[in-house]
There are 2 protein chains.
Amino acid sequence: MQNKLFVIGMGPGDAQLVAPRALAALEASTDLVAYGLYLDLLGGVCDGKTHHQLPLGEEIARARLALDLAAQGKATALVSSGDIGIYAMATLVFELLDQQLQGKENHPEWLDVEIEVIPGISAMQAAASRVGAMLGHDFCTISLSDLLTPWETIEKRLHSAGTGDFVVSFYNPVSKKRNWQLNTARDILLQYRPAETPVVLGRQLTRDDESIRIIRLDELDAKDVDMFTLVSVGNSESRHIVNGSREWVYTPRGYKKKLL
Amino acid sequence: MQNKLFVIGMGPGDAQLVAPRALAALEASTDLVAYGLYLDLLGGVCDGKTHHQLPLGEEIARARLALDLAAQGKATALVSSGDIGIYAMATLVFELLDQQLQGKENHPEWLDVEIEVIPGISAMQAAASRVGAMLGHDFCTISLSDLLTPWETIEKRLHSAGTGDFVVSFYNPVSKKRNWQLNTARDILLQYRPAETPVVLGRQLTRDDESIRIIRLDELDAKDVDMFTLVSVGNSESRHIVNGSREWVYTPRGYKKKLL
């Protein structure tokens, strides 16, 4: 068999939301490259395999290691939660490959690795499903991390999300060192949509300690959000409805209002 | 057990990408409401259940029927391909529930139905994974159907996608009666990003007759696209790379260029 690298998204956390293809790829691998917490979610399927754990923040080293292991002939799985193609490790693998193709790396052996990317359910989808149908119409995602993207670019995107009236899901809303970005994002969106626009805060989605809150846009505050929280802001038509003890948020699929 | 309605996304087509929770919910149901083609993909798990097939276009009737069946005590599954929360049936269920809560419907029995939404992998994720990592940075989705959304709203969103430099995935890019919208969308995006921006055309993704083409934005033409095609347009940084017989598209996760 050709040298193989599986690049696998394991979904939001619940084992019942992991694609069979992702599990089969894990099973076919001898070497796993992942942040430790993701592997803990998977349980027995990882037993007996070599774990290569690098700390959070060492993303480039992880992508290199995965390519190196696969190039050495080890069936390798690079693993993340959510969809590994969305703000996650997959893009680094191809960025490294691109560097090699341009002659900026010295790892021709990487070019012989057969890569298979397996998508997973992303946090925004888990959040939307838990509260009903928040992503029922046009939406966008914005990472609020300005480590790799200049804040001016992020701010321009926030205004574009506002003018386009997209439902917005924020990835990396805060970190231990960053907290002002989320409140600035809120203030920008408030220039374009009503204060009562529903916002969903989904923490540890689909896991045992899941918590979900539905608030108004003008109540959104970075102090209520941590690294494990997905923040989704409705568009100007999104509705928060209450049926007894159950609350839902949905975004209608049309703007013509004569649907029903 | 309380009257139960499962609202289930079955993913892009490949049975290996269906979440175990989705299959379990199908198995627990006696009545299935779906467009016939989706059920064909599932095979044996649907045997012995009552199929309620309504034609495409009868979306509201399907959502009503699903709520009615569940309210009658039948364990019911409302099923679509992809993620049922993204441009699909889930939002109609909650829109009907909302109408009832507002007294505009006369179906109080709907309010006693316990609803569980199960997300699935959407077409844009399948396309991105097949070509590498197209959704590696901020992205948006836009439906080009102007049946329910005025074209002016869609056009505004296209400009916002342009100013924000989002990767853009088009849902409902064309239909039998609509074809000019996609070319107009292309021309709008060309005002904001280079002619050589990579575009992925993914048809029947993850299915036996899957076909994937990678073209330039200025080559995008509605005549090459049908209802079964997902169209994703890169942002200004997205890269199309060729490694021997393999082609990839990825979107770098940052704009600072000093990543590697």
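Predicted model: local features only at pLDDT ≥ 70, side-chain atom pairs only at ≥ 80, totals over all residues.
**Entry 1. The strand pair across the chains**

**Entry 2. Symmetry**

Next I laid chain B on chain A. A turn of 180° does it, with a shift of 0.0 Å along the axis and an RMSD of 0.0 Å. The two copies are thus related as by a two-fold rotation axis. Then I asked which C-alpha of chain B is nearest the axis. That C-alpha belongs to B:Cys140 and sits 2.0 Å from the axis.

The open sheet has 10 strands. I wrote down the order as β10(A)-β9(A)-β11(A)-β8(A)-β7(A)-β7(B)-β8(B)-β11(B)-β9(B)-β10(B), with mixed pairing. The edges are β10 of chain A and β10 of chain B, residues 211–216 in each, and each pairs on one side only. From one strand to the next the twist averages 20°.

Strand β8 of chain A (residues 167–171) and strand β11 of chain A (residues 229–233) run antiparallel, joined by three bridges. A:Val168 has A:Val233 in β11(A) as its bridge partner. As a reminder to myself, strands of a sheet pair through backbone hydrogen bonds, either parallel or antiparallel.

**Entry 3. The interface as a whole**

How many residues of chain B are in contact with chain A? I have 62 residues of chain B against 62 residues of chain A. Helix α4 of chain B, residues 90–101, gives the largest share of the chain B side, with nine residues. By class, the chain B side splits into 34 nonpolar, 18 polar and 10 charged residues. I also compared the two sides. 100% of the interface residues of chain B are interface residues in chain A too, so the copies meet through the same surface.

**Entry 4. Helix against helix**

I turned to helix α6, residues 151–164 in chain A and in chain B. The two helices pack at an angle of about 180°, and their axes are 8 Å apart. α6(A) and α6(B) are therefore roughly antiparallel to each other. On the chain A side the contact uses A:Lys156, A:Arg157, A:Ser160, A:Ala161, A:Thr163 and A:Gly164. They meet B:Lys156, B:Arg157, B:Ser160, B:Ala161, B:Thr163 and B:Gly164 in α6(B). The residues of this contact are two nonpolar, six polar and four charged.

**Entry 5**

I took the two pairings in turn. β6(B) runs parallel to strand β13 of chain B, residues 246–250, and two bridges join them. There B:Ala133 has B:Tyr250 in β13(B) as its bridge partner. β12(B) and β13(B) are antiparallel, with five bridges. B:Arg239 stands opposite B:Tyr250 in β13(B). The hairpin of β12(B) and β13(B) has two residues between the strands, and B:Gly244 takes a positive phi near 60° there.

**Entry 5. Domains of chain A**

Last, I looked up the domain assignment. Chain A has domain 1 (4–121) and domain 2 (124–250). Their C-alpha centres are 28 Å apart. Six residues of domain 1 and eight residues of domain 2 make the contact. The domain 1 side of chain A that touches domain 2 has four nonpolar residues, one polar and one charged.

Notes
Residues numbered from 1 in each chain as written. Chains lettered and ligands numbered in written order. Contact = placed C-beta atoms within 7 Å. Helix = DSSP H or I, 4+ residues; strand = E, 2+ residues; numbered from the N terminus. Nonpolar A, V, L, I, M, F, W, Y, C, P; charged D, E, K, R; others polar. Least-squares fit on C-alpha atoms with pLDDT ≥ 70 in both. Axes fitted to C-alpha atoms, helices over the stretch in contact; angles between N-to-C directions. Parallel < 35°, antiparallel > 145°, perpendicular 65-115°, else oblique. Pairing = 2+ DSSP bridges. Domains from an automatic or database assignment.
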